[in-house]
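Have a look at the picture first, then read on.

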Amino acid sequence: MLASVRSIVRAIGITVVPEATRLDDAEWSAIEETVAAALASRPAALQRQFLLFLRLVEWLPALRYGRRFTRLDPPRRAQFLTGLQDAPLLLVRRGMWGLRTLFLMGYYGRPAAAREIGYRADPRGWDARRAGA
Amino acid sequence: MTSRSYDVVIVGSGAGGGTVAQGLVPLAQAGRRVLVLEQGPRFADDEFTGRELEMAGALYHDGGGFLSADGTMTLAFAHGYGGSTIVYTGTSLTAPERVIARWAVPGLDHADLLRRSQRYLGENNVHRLPAEELNDNNRLFETGARAAGYAVEQFPVNVRGCRGSSLCNLGCPNQAKMGTNRAQLPTAERGGVEVVTRAEVVRIAADRTLTVRVRERPAGAKGLPSEWQPGDYQVETKIVVCAGGALGTPPLLLRSALPIARALGQGFTCHPALILVGEHATPITNDVGHPKSFFVDRAAEEGFVLETCMYFPFTTAKALTGFGAGHSAIMGAFPRLQQILVLSVDHARDGNRIEIDRAGQPVVQYRYSAEAVAGLVRGNRAAARIFFGAGAVRVHAPFADPPLIDARDAGRLDALIDERHWKPGKQAISSAHLMGGCRMGASAADSVTDAWGRVHGIPWLFVADASLFPDALEINPYVTIMALADRVAEGVRRDFAGLVD
């Protein structure tokens, strides 16, 4: 589902979570699978809206910067997405919130990301912590 | 289509449905047929892994991503044997007297609710955790709240054998939380009540027949198969008790086209909530231990309640405003993070309502009131004061722009955290306290049911969940839901002969 927009998703992803630049292809695939699965459970209309919004994110910067989103440098990408986040139109803010949420789900939903940030919750609770887990 | 016949059918198995099921054991033991239909599955103990996306996908409606119609608030509710009691933290507070007085439901008084609530507090082993089981995240809240001048209280919680996994909201992996899945439903089943899972009630007909769809267990999914063969059923009954929650019961009744008052679906409210994060200089215990031990109740005075909380990586990342290096820096400091949940009071009002779409699924029309936003702003400021009072070096406050506030600016919180920074769709607002839509009241002119949960004009149809609330409860609702459901069960037992014969 995301194959046609993979480069846009990855460009947005590394703007939302800069550490994502360190991911290898397998890790990117895992993130994209999570995002695709979350979208697949939603109505078809919402999936179409998501893909349309991604394409708007790609092409709208051409009006302001003369380049597509994927061709912008990192500061300008961040500046553009910040503009979407603070846009006067609720529809635009919602779209940005959705993009951001989906990528954060894919990135921080990985056990590797939890380990990297030091999240150590364990079903065994205090017993595990005292045992040094 | 297969046909079945029962005397009483209860739709839903959460705080309301589970309580009614147990309350109707005397009928079952007298040979009457009592059935609980639960939309979600029954989970095996070892299926609660604590893994965030895996458990959210299995337990929550839409994987925890159900949104209000305008997309600005996430509404969390669960499906499964035990309903949303599977995923709450077990905080067990009784309804404030001033709230029940304000509800002004003829025939409902606070003393009666309190008496019934206390019975369930005992049954669910509600107590305050000993000091040695509290983690730093909770202790720092207490310290900071006292330093900031707030009266702080310890939550009573309904756990037995809690190991401190911190994973309550993903379903307790140690079966320590006394939800209806652990307490009331097993008692009901031992007493002869039948529970069927993966069974969605499509509609209720005026001749007291329910159309029920039993779903197959999807390949690879968590949960046990249904007790019935997958397929469509017609279930005839004498009495129906709807207990599917505020986003289950009103949609079911709207789909059913019964002659119900115009108030059906109206008066939806919730406690809009957001998360603040405080960063400390050194690591604290936060992802081990019960996550919710203390609260500050300023609902009556300032329209907000603060609660300790500790969420999981994705939920935390989503709750933070913004993105990029600043966002990552906070996430990278996870072992040093303290979290506070701010809940705002928002009274029920015209326009905020539950509807259904063309597929019969719930649609929540909700607009933030000025009162709710003001409560969130004041709650943001109070939470920030508590963090700094506890020694945090910086705070992430969604109602500040930029959201990160350093300790050196702790004296400027009123200026930095302000309503001018509120932008629906930018801040991550959520709610797990969903109320109203079938409000109690005097007559069909102003409400859906009477004070005993009986639908006006339909003597065989009852409601027993948070949709009964005529207004916000201003605290965690499950004990009050159980108390109201206890009244419904009593009413059904009392009037059973007349309704069946």
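## Domains and the chain contact

Chain B splits into domain 1 (2-65 + 73-125 + 169-268 + 435-500) and domain 2 (131-156 + 273-345 + 369-423), with bounds that come from an automatic or database domain assignment. The centres of these two domains of chain B, taken over C-alpha atoms, sit 33 Å apart. Where they meet, domain 1 of chain B brings nine residues and domain 2 of chain B brings eleven residues; two residues are in contact if their C-beta atoms, placed from the backbone, lie within 7 Å.

This is a predicted model: local features need pLDDT of at least 70, side-chain atom pairs count only at pLDDT 80 or more, and totals for chains, interfaces and linings use all residues. Residues are numbered from 1 along each chain as its sequence is written, while chains are lettered from A and ligands numbered from 1 in the order in which they are written.

Now for chain A, which has eight helices and zero strands (helices are DSSP runs of H or I, at least four residues; strands are runs of E, at least two; both are numbered from the N terminus). Its C-alpha atoms fill a box of roughly 60 × 35 × 30 Å along the principal axes.

The contact between the chains takes 36 residues from chain A and 32 residues from chain B. On the chain A side, α6(A) gives the largest share, nine residues.
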